Amino acid sequence: MTTSAATTLAIHGAEPASPTPVPFMKPQLHREDIDAAIAVLESGMLRAAKKCAELEERFAKASGAKHGLTCANGTTALQLAYRALFQRGDEVLVPAWTYIATASMLAAEGMVPVFVDCLEDTFQMDPADAAKKITPKTRGIAATHLYGCPVDIDAFDALGRKHNLKVVYDAAQTHLARYNGKGLGAYGDIVTYSFYATKNLGTGEGGLVTTNNDTLARDMSLLRSHGETDKYLHERIGFNYRMNDITGAIGCSRLTRLPEETRARQNAAARFDEILAEIDGLAAPTVTPKAEAVWHLYTVKMDLSKFTCTRDEFCDALKAEGIPTAVHYPRATCDQPALAPWNKRNTPVATSLTSRVFCLPMHHELTEAHFTAIAEALNKVAGAYRR
Ligand SMILES: Cc1ncc(COP(=O)(O)O)c(C=O)c1O
């Protein structure tokens with residue numbers, strides 16, 4: 001770093017690009033969401049009832065699926081899908097670069113997670129590496145549509161058909177995204193969602209599965225609620241993975257705004273693409289061909305050879321400029337201590353991304369002033385640390 005460049009940075013006492021920090025996310029509820037929750041509280045019908053049913057119907061329709069089933073969270077959504085499709089001991093291909101639940105719920109259900117590397121440009125699970133890791137014991141693929149961007153669905157569906165594998169798509173971060181002109185519900189055997197507070201559609205906690213298969217829908221509905229087919233008649237072993245109507249009401253209310261909020265995220269991503277195109281050493285995320293992303297997170301990749309600093313130092317300097325960032329993920333999923341028994345150390349891209357990526361603020365309330373401040377901060381920090 002040159003002395004003159006150093007003096008331009010807020011981390012060294014200069015004026016920040018944004019004196020008021022840009023919000024990293026905007027998970028706040030609107031008045032109508034709160035009113036919808038209050039109406040349920042006042043009704044006394046707190047369990048899963050009309051509002052969960054409405055959310056199931058509307059969310060399934062909006063994502064192009066026949067059936068939707070609400071559940072407690074995205075983790076239980078994965079458990080429902082895995083239990084409905086796989087047996088203990090089955091090998092299931094899973095990304096080495098995702099949130100832990102995609103892989104850990106396979107292990108929790110007695111299946112064998114087989115880690116697949118991700119692509120350098122899209123960060124999504126690599127179909128070519130997946131093909132190499134198929135063995136006679138492979139029964140399925142659990143692919144995450146990461147950061148709001150669909151994976152190469154054509155490739156995974158083809159792999160599934162060729163090897164007779166069941167395909168689960170974890171769309172916890174990817175509500176209402178599209179692929180080849182259709183909603184994500186059109187693809188795979190089961191699609192799972194999370195409505196955790198910070199997700200594009202956040203209800204606090206919450207989840208949902210979609211499927212186009214009537215038998216799978218029935219199986220998952222039984223698993224979700226103690227295998228109960230009639231009052232106190234339990235035909236199968238199941239769990240209590242149910243949502244409740246307070247959550248359902250917030251979900252319905254937020255779903256009404258989600259298409260508009262998604263367009264705002266897409267506009268923000270387009271602005272970030274323009275800003276990053278001008279900065280050597282910082283790469284915008286690439287979207288999978290045929291995919292329409294919904295930008296849960298906007299992840300920038302650094303070419304560390306172009307800078308004199310580490311990713312963390314770069315992010316500390318951005319924070320001082322009033323631009324908060326986050327790292328998704330500071331550790332590859334395969335490198336989590338809990339998943340050590342399944343880590344074959346053959347996913348080098350995923351492992352190396354941990355020190356090279358960071359996420360910019362992304363939400364539906366970013367303004368022109370925010371974009372200007374983010375552009376200024378990125379240029380200042382990149383300039384100061386230019387090698
Ligand atoms: C890709 C992915 N899968 C699964 C989950 C788990 O969802 P939940 O936190 O609702 O259990 C998350 C949540 O962050 C996620 O990002």
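This is a predicted model: local features need pLDDT of at least 70, side-chain atom pairs count only at pLDDT 80 or more; totals for chains, interfaces and linings use all residues.
Residues are numbered from 1 along each chain as its sequence is written.

Helices (H or I, at least four residues) and strands (E, at least two) are DSSP runs, numbered from the N terminus. Axes are lines fitted to C-alpha atoms, for helices over the stretch in contact, with angles running from 0 to 180 degrees between N-to-C directions.

Take helix 4, residues 74-85, and helix 5, residues 100-108, whose axes come within 9 Å and cross at roughly 45°; helix 4 and helix 5 are therefore oblique to each other. Their crossing is right-handed, where right-handed means that the near helix is turned clockwise from the far one by less than a right angle, and left-handed means anticlockwise. On the helix 4 side the contact involves Gly-74, Thr-75, Leu-78, Gln-79 and Tyr-82, which meet Ala-101, Thr-102, Met-105 and Leu-106 of helix 5, a contact being two C-beta atoms, placed from the backbone, within 7 Å. By class, this contact has five nonpolar, four polar and no charged residues, with Ala, Val, Leu, Ile, Met, Phe, Trp, Tyr, Cys and Pro counted as nonpolar, Asp, Glu, Lys and Arg as charged, and the others, Gly among them, as polar.

Now to the ligand. Its surroundings comprise 14 residues, of which the closest are Gly-74, Thr-75, Tyr-99, Ala-172 and Ser-194, where near means a C-beta atom, placed from the backbone, within 6 Å. Helix 4 and helix 5 are the elements that give two or more residues to this shell, and the shell divides into four nonpolar, nine polar and one charged residues.

Which helices pack against helix 9, residues 245-277? One of them is helix 3, residues 50-62, whose axis comes within 7 Å of that of helix 9 and crosses it at roughly 35°, in a left-handed sense. The residues of that contact divide into seven nonpolar, two polar and five charged. Helix 2, residues 31-43, also packs on helix 9, at an angle of about 150° and with the axes 8 Å apart, and the two are therefore roughly antiparallel to each other. Here the crossing is right-handed, and the contact includes Ala-36 and Val-40 from helix 2 and Ala-249 and Ile-250 from helix 9.

Helix 9 also lies across strand 12, strand 14 and strand 15, running at about 15° to strand 14. These three strands form an open sheet in the order 12-14-15, with antiparallel pairing, two strands being paired if DSSP finds at least two bridges between them. Strand 12 (282-283) and strand 15 (357-360) stand at the edges, each with a single partner strand, so one side of each has no neighbour in the sheet. Two bridges join strand 12 to strand 14, residues 298-302, and the bridge partner of Ala-283 in strand 14 is Lys-301.

Finally, there is an open sheet of three strands in the order 7-6-13, again described as antiparallel. Strand 6, residues 178-179, is joined to strand 7 by two bridges, and Arg-178 has Gly-183 in strand 7 as its bridge partner.

Note on methods
Angles under 35 degrees count as roughly parallel, over 145 as roughly antiparallel, 65 to 115 as roughly perpendicular and the rest as oblique.
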